[in-house]
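Here are some notes to read beside the structure. Please keep the sequence and the 3D view open and look up each residue as it is named.

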Amino acid sequence: IMNPEKGSISIHTENIFPVIKKFLYSDNEIFLRELVSNAVDASQKIKRLASLGQYNGETGELIVDVKFDEAAKTITISDNGIGMTAEEIKKYINQIAFSGATEFMEKFKEANDANEIIGRFGLGFYSAFMVADTVEIQSLSYQDGAEPAHWTCDGSTSYEISTGTRTTRGTDIILHINDESTEFLSQARLQEILDKYAKFLPIPIRFGTKTSSEPDGEDEEGKPKYKSVEVDNIINNTNPAWTKSPSELKDEDYLAFYRELYPYSMDEPLFWIHLNVDYPFNLTGILYFPKVKNELEIQRNKIKLYSRQVFITDEVKDIVPEFLMLLHGVIDSPDIPLNVSRSFLQADSNVKKINSYITKKVADKLNEIFKTDRKGFEEKWTDIGLFIKYGMLSDEKFAEKASDFCLVKNTNNASFTIKEYYEKVKDIQVDKDGNIVYLYTHDAAQQDGFIQTALNKGYDVLVLDGPLDTHFTSYLEQKGGEKVQLKRVDADVIDKLIQKDEKIELSLSEEESKKALEVFEKAISRQDMKVEVDALREGDLPVSVTIDEFMRRMKDMAKTGGGGMNFY
Ligand code: ADP
Ligand code: MG
């Protein structure tokens, strides 16, 4: 039996509690996330020790219990994890947990804007003091011959430690809820917080019991009967889909997981990507492409960020590339620094890497799907195309990769990659300046007359009628190289097109051309000049003489409508 011992927490800053209470107030529900995840950590530690042969006792069924007592104004979080000895409490709670708080104060003093540090600073165990006047720990370590320990701290920098009452391995954290935080002494409120943060934790979290209906034989007419029974109210799915290997999952598993993530969503996603990266950092997740008609209707901020299955936030702005904000789903990474402010997050190089890596992975995955199942990809194009185009327009790196699988469709509903399309029309849709003209319509019904004329002449017409396609046409033009021009299909444009292999009426015979060449070359007789005799169509110049060093400039001039240097 140890003598009760009083001590003082070595903390440099006095009056830290009022500051923390004030500035973390808006986010104070995270105390439960922190304490429950500590309990989960402690449970996983005992599991690991057992599997390493360093613990020979029975691990038993590991479970975390959350209970509250409205009359006594307490919330208790209990686990049967690794437990702590008195010495460990002094070390891990008094020194380490409190040093996190000291660090918080340092940051707080440095920050110009208090808002910068609010909310994203995980205070761990210490966050208990946001809602509790007094916090107690009752713990029994797994170690042989360990004595139970009891620690109390009333929110000042002094604590008391004495012999505890636990008779089984594990820890109880007992919070004596302060007067401003009594909202947390409610079944509904606690259930809500647990649903938010603990829904996918890897150890079962039990929050009392709930009524469930179970089959109870049959009635006289042979219809099944049900009875109400009290069952454990387990908050979480300890094995969420994103932690599994894609090979274990079928389409219906992905759809079921989507419903688990968004129980109130009516629509089913159309398409998903399972991310599984372990180098250069750890990242897993499932991103869903929702069904949408218009990008304005899509809800942003639907991606949930987890760290080792603990929910952190659904504000993933700094971690997920802007264009992927339109997607839904989960990202889990232990490598994203969570215990820092948001502005810090933006500057963090790991976060930047993660951001570009997600972009790359999503592009690679789409490319892989495109290559292995082009038909399926084409069928889903209407739905995923919007996201891909949005990505291409807003992210150059993504655009580079996506140009391999970004599709365009023509009026016959045939799909082409950008490259394929270029190959298709480069010889048949040329204007007299040598531009390759892509004909498109944004309203096939309205422009049907022109479309038919174009088709009759053997030309092709793209359908670009999506919400982002106005921007996308200029993208295609830009990326198509200097020769590609997009033109809305109309009579005038169609008239001006030619086919490169169209038989050109020669104004000079071959013999005549040869002669003309000789004459001009002799007359000019300069090494740096190049004479060409082209048998061109009416109205064009039959002979051109160009000076090499001016080639590039002339090309530029030709592009802006000026001609080259011409000699008659
Ligand atoms: P972190 O979890 O990031 O280490 P915390 O402030 O949340 O920081 O917790 C500090 C330390 O206290 C933990 O690392 C752990 O060693 C110890 N601890 C907290 N809660 C428990 C618990 N329920 N069981 C065993 N150890 C615990
Ligand atoms: Mg913790």
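1. Begin with Arg308, which is partly exposed because 17 other C-beta atoms lie within 10 Å; buried would need 20 or more, and exposed 12 or fewer. Arg308 sits in the loop between β12 (302–307) and β13 (310–313). Bear in mind throughout that this is a predicted model.

2. The backbone of Arg308 deserves a look. Its phi is near 45°, a positive value in a residue other than glycine. Most residues other than glycine have a negative phi.

3. Asn413 is located in the loop between β15 (407–410) and β16 (415–417). Is Asn413 buried or exposed? Asn413 is exposed, because 8 other C-beta atoms lie within 10 Å.

4. Helix α2 itself has 22 residues. From its first C-alpha to its last, α2 reaches 31 Å, close to the 32 Å expected at 1.5 Å a residue.

5. Next, how α2 packs. Two packed helices are described by the angle between their axes and the distance between the axes. For α2 and helix α4 (residues 187–198), the angle is about 60° and the axes are 10 Å apart. The two helices are therefore oblique to each other. The crossing of α2 past α4 is right-handed. Which residues meet there? Leu32, Arg33 and Val36 are on the α2 side, and Ile193, Leu194, Tyr197 and Ala198 are on the α4 side.

6. Lys389, Met392 and Leu393 from α8 meet His471, Phe472 and Tyr475 from α12.

7. Now the record. An unreviewed UniProt entry lists residues under "binding site", among them Glu34, Asp79, Met84, Thr171 and Arg342. Glu34 belongs to helix α2 (residues 30–51). Glu34 counts as buried because it has 22 C-beta neighbours inside 10 Å.

8. Thr171, also listed in that UniProt entry under "binding site", lies in strand β7 (residues 170–177). Thr171 counts as buried, with 27 C-beta neighbours inside 10 Å. Leaving aside neighbours within four places in sequence, which residues is Thr171 in contact with? They are Ala42, Asp79, Gly81, Gly83, Met84, Ile137 and Ser139. Among these contacts, Asp79 and Met84 are themselves in the UniProt list.

9. Finally, Gly329 is placed in strand β14 (residues 328–332). Gly329 counts as buried because 27 C-beta neighbours are inside 10 Å. Not counting residues up to four places away in sequence, Gly329 touches Gly285, Ile286, Leu287, Tyr288 and Ile303. Gly329 and Glu230 are 99 residues apart along the chain, and their C-alpha atoms are separated by 33 Å.

How values were computed:
Residues are numbered from 1 along each chain as its sequence is written. Chains are lettered from A and ligands numbered from 1 in the order in which they are written. This is a predicted model: local features need pLDDT of at least 70, side-chain atom pairs count only at pLDDT 80 or more; totals for chains, interfaces and linings use all residues. UniProt positions are given in the numbering used here, feature names are shortened, and annotations may be inferred rather than shown by experiment. Helices (H or I, at least four residues) and strands (E, at least two) are DSSP runs, numbered from the N terminus. Two residues are in contact if their C-beta atoms, placed from the backbone, lie within 7 Å. The expected span of a helix is 1.5 Å times one less than its number of residues. Axes are lines fitted to C-alpha atoms, for helices over the stretch in contact, and angles run from 0 to 180 degrees between N-to-C directions. Angles under 35 degrees count as roughly parallel, over 145 as roughly antiparallel, 65 to 115 as roughly perpendicular and the rest as oblique. A crossing is left-handed if the near helix is turned anticlockwise from the far one by less than a right angle, and right-handed if clockwise.
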